Amino acid sequence: MAKRDAKAVAVGAWTALRDHTVTIAPGGTAEVPFTVTVPKDATPGDYAGGILTSLPQAAQENGISVDRRLGIRVHLRVDGKLAPAVAVEKLRVDYTGTLNPFGTGDATVSYTVRNTGNVRLSAGQTVGLSGPFGWFPVDAGNVAGVPELLPGESWTVSVPLHGVVPAFWLTASTALSPKLPAVTGSTPGVEGVAAEAGTVAVPWALLTLLIVIAAAVAATVLVLRRRRRASAVREDERVKKAVEEALKGVEAADPA
């Protein structure tokens with residue numbers, strides 16, 4: 001609905017009221033006729049507007065004036081070439097890890113649904129996430145549908161997913177199944193749309209644990225090698241000393 005001081009366009013400009021003021025008796029009703037004149041050069045597709053009723057009241061004792069308004073929706077379809085279409089834009093996935101080396105994390109899949117056609121529509125949607133080669137899939141379950149969007153309108157979606165395995169690379173996917181309103185006359189068909197996006201999900205806690213274990217194993221191997229080397233050196237010295245003592249004994253027994 002346009003503001004009071006805004007210039008009316010489309011349905012607002014095409015709609016004319018016979019009377020701009022209506023007096024209704026207590027408990028009574030009143031019919032307010034209006035006409036909609038569509039220009040011959042109007043672009044085919046769906047349009048929306050509204051007729052606004054206003055019930056102003058004089059200032060109260062506290063100095064506040066109240067203006068109660070009620071909008072009456074007007075939907076209009078101009079016949080011609082209808083091209084319903086919907087698109088997924090700015091699809092991204094964000095991953096948050098955990099300090100548990102063997103635990104799972106959380107992810108958030110976000111995107112924008114835009115009505116790129118000329119027919120109003122809504123859409124059901126599914127969202128999922130998986131690792132490389134489709135491993136460790138996670139389904140978001142029942143995701144609320146996209147509400148009815150007019151041509152050109154958009155809707156931002158953010159879906160949380162839990163129990164996500166940090167498989168180094170995560171691929172988020174979404175699929176939309178558009179739905180058209182029931183309108184008298186021809187209703188065109190509309191195809192669904194799917195999109196994918198990925199992000200890095202490194203299991204830092206697990207990698208840190210593996211690095212610590214690898215470092216401990218390397219240190220243990222180094223200590224064992226040093227002990228073996230020291231033991232070999234001591235054995236060499238013991239054999240050398242034994243040989244020297246044996247040679248001294250031989251020299252003492254042979255005075256020549």
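I began with the surroundings of Gln125, which, leaving out residues up to four places away in sequence, touches Tyr111, Val143, Ala144, Gly145, Val146, Val157, Ala175 and Leu176, where contact means heavy atoms within 4.5 Å. This is a predicted model, in which local features need pLDDT of at least 70 and side-chain atom pairs count only at pLDDT 80 or more, while totals for chains, interfaces and linings use all residues. Residues are numbered from 1 along each chain as its sequence is written, and side-chain values use heavy atoms, with hydrogens and water left out.

I placed Gln125 in strand β7 (residues 121–130), strands being DSSP runs of E of at least two residues and helices runs of H or I of at least four, numbered from the N terminus. Is Gln125 buried or exposed? I noted that Gln125 is buried, because its relative accessible area is 8%, and buried means under 20%, exposed over 50% and partly exposed in between, with a 1.4 Å probe and protein chains only.

I then looked up the polar contacts, meaning pairs of N or O atoms within 3.5 Å, of which, within protein, one must be able to donate a hydrogen and the other to accept it, residues adjacent in sequence counting only if both atoms are side-chain atoms. The side chain of Gln125 makes one with the side chain of Tyr111 at 2.5 Å, and the side chain of Gln125 also reaches the backbone oxygen of Ala144 at 2.6 Å.

I followed Tyr111 next, and found that, aside from neighbours within four places in sequence, its contacts include Val88, Leu91, Gln125, Val127, Trp155 and Val157. Tyr111 is also among the residues of the largest nonpolar core that touch the most other members, together with Val109, Val113, Leu129 and Val164, in a core of 27 residues; such a core is a set of buried Ala, Val, Leu, Ile, Met, Phe, Trp, Tyr and Cys residues joined through side-chain atoms within 4.5 Å. Strands β5 (86–96), β6 (105–115) and β7 are among those that each supply at least two residues of this core, and β5 gives the largest share, 5 residues. Apart from this core I found another, of 8 residues, including Val11, Trp14, Tyr47 and Ile51.

Finally I checked Asp19, which lies in the loop between β1 and β2 (34–36) and counts as partly exposed, because its relative accessibility is 36%. The side chain of Asp19 makes a polar contact with the side chain of Arg18 at 3.3 Å. Asp19 and Lys241 are 222 residues apart in sequence and 125 Å apart in space, C-alpha to C-alpha.
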